[in-house]
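I opened this model to look up a few residues and then the larger layout. My notes follow in the order I made them.

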Amino acid sequence: MSIVTETAVKALLDTKSSTQVRPRYEGSNICTWIGFKHVNYMVEEAVLDHFRQSGLPARGLYEEHGLGLDIVGLDTRILHAFHMDDLATATVTPNTKEADGTIGLKVVIEVERDGETLKAVTSKVRVALRIDGYLAAAEPAPEALARFAVERLGGHAATGVEPSAAVVEAAAGTEHDPSTIVRSDDPSDPLLAALTQGANAYAWKWRIPYPYCHFTERLQMSGYLRLMEEAKDLFVAERGISIKSLLDDRRWIPVVPHSSITLTDEALMEEVLYTVFTVEEVFKDFVYTSRMDTYVVRDGKPVLTSTGKITHGYAVIENRRDWKLVSLDQRVLDAVNGTETGAVRDA
């Protein structure tokens, strides 16, 4: 008997769920605070548990119906920081309209601080059910879920991001032997140069390893979150204000109040992925926004597989428990804006 019943689908699309979540120990990189990537992992766990509570767990959907549960859109705001060992309550509210081809969910995560319950995270999530094409064909998707079942991810997204003529031209001459590629940010690479031309940006190419993938073949949302975190790390290091240098110089740490990622196509295991991190705007010397775009080259053409945005600020560590936000000083502003290298000088 199929797990896809009218009752289960109605619960998925109409009924709120609630679950308790904790941040993973791995995400506590500086003191006991939890970074944005692992906050998004908590959102992901809440979504997965919503499917479980509805009677449509990810494992069952895949094993019985060949449908891979893929988060294809994530837009998360962090209102209060999480710490190691926090126990939080995540509430998932269905938000799917009749015409939607993806499952929409809203996630709110609350945490207790000094006897007060605080709304710590809000997130909008889109989920697609990817029809498995790797193994033998499954039966057609059950009718109740058919509108969410897709043969390829990304069809739901209208991004407004188009590769430039220079990128298209450079991609046409790009060839790869994936076995020889691990990582490169060589500015003499024509495609890397074209992707950053005329922009305040940093780019690199990278062979997609299997630990970033799922359902046997494709890069998953958590992999893109790891890439976004690494993009910031590589960008500030290239500009002379690496995470460690600001920690050592002034005990500054990066903070992320907002991040979003939308999958626009699929990136496959061991393909070469080009990641571009572009600074878009600095707001009142306090935070700056950047865009991350990822591409693969197929048949000599650049294919956008994701686009996302992240907002960064800085905080100073006051003690092992507390930090406070600070304004960006001239050294950091110069580095972020690309007007200087960010080399250490008197503040």
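**Entry 1: T275.** I started with T275, which is found in strand β12. Helices (H or I, at least four residues) and strands (E, at least two) are DSSP runs, numbered from the N terminus. The model is predicted: local features need pLDDT of at least 70, side-chain atom pairs count only at pLDDT 80 or more, and totals for chains, interfaces and linings use all residues. Residues are numbered from 1 along each chain as its sequence is written, and side-chain values use heavy atoms, with hydrogens and water left out.

Is T275 buried or exposed? T275 counts as buried, because its relative accessibility is 0%. The cut-offs are under 20% relative accessible area for buried, over 50% for exposed and partly exposed in between (1.4 Å probe, protein chains only). I listed what T275 touches, leaving out residues up to four places away in sequence: Y202, A203, W204, L227, M292, D293 and T294. Contact here means heavy atoms within 4.5 Å.

**Entry 2: T311.** Next I went to T311 in strand β14. T311 has a relative accessible area of 13%, so it is buried. Beyond four places in sequence, T311 touches V255, V256, P257, H258, V287, Y288 and T289.

Entry 3: Most residues other than glycine have a negative phi, and most peptide bonds are trans. I therefore noted the exceptions. D85 is not a glycine, yet has a positive phi of about 75°. D85 lies in the loop between β2 (67-78) and β3 (88-94). With a relative accessible area of 58%, D85 is exposed. D299 is another residue other than glycine with a positive phi, near 55°. D299 sits in the loop between β13 and β14, and is exposed at 80% relative accessibility.

**Entry 4: G155.** I found G155 in the loop between β6 (149-150) and α4 (165-172). G155 counts as exposed because its relative accessibility is 74%. The C-alpha atoms of G155 and G101 are separated by 8.9 Å, although the two are 54 residues apart along the chain.

**Entry 5: domains.** The chain is divided into domain 1 (1-153) and domain 2 (158-346). These bounds come from an automatic or database domain assignment. The C-alpha centres of the two domains lie 25 Å apart. The contact takes 29 residues from domain 1 and 34 residues from domain 2.

**Entry 6: cores.** How many residues has the largest nonpolar core? I read 83 residues, and those with the most contacts inside this core are F51, F82 and I109. A nonpolar core is a set of buried Ala, Val, Leu, Ile, Met, Phe, Trp, Tyr and Cys residues joined through side-chain atoms within 4.5 Å. Helix α6 (residues 221-238) gives the most to this core, with nine residues. Domain 1 and domain 2 both give residues to this core, so it lies between them. Apart from this core lies another, of 17 residues, including V167, A170, I181 and A203.

I then checked F51. Not counting residues up to four places away in sequence, F51 touches L12, L56, P57, L61, L69, I103, L105 and V127.

**Entry 7: helix α8.** Helix α8 (residues 330-337) is mostly covered, with six of its eight residues buried. I listed the buried residues as R331, V332, L333, D334, A335 and V336. What covers them includes α6, α7 (243-250), β11 (252-263), β12 (272-283), β13 (287-298) and β14 (301-317). G338 follows α8, and its phi is positive, near 75°.

**Entry 8: largest pocket.** I ended with the largest pocket, whose volume is about 730 Å³. Of the 29 lining residues, the closest to the pocket centre are G35, F36, P254, V255 and V256. α6, β11, β14 and β15 (323-326) each supply at least two residues of the lining. The lining draws at least three residues from each of domain 1 and domain 2.

For the record, a pocket is an open set of points on a 1 Å grid over the protein atoms alone, where a 1.4 Å probe fits, with protein on both sides within 12 Å along at least five of seven lines; lining residues have an atom within 4 Å of a point. Grid points are joined across faces, edges and corners, and the volume is the space filled by probe spheres set on the points.
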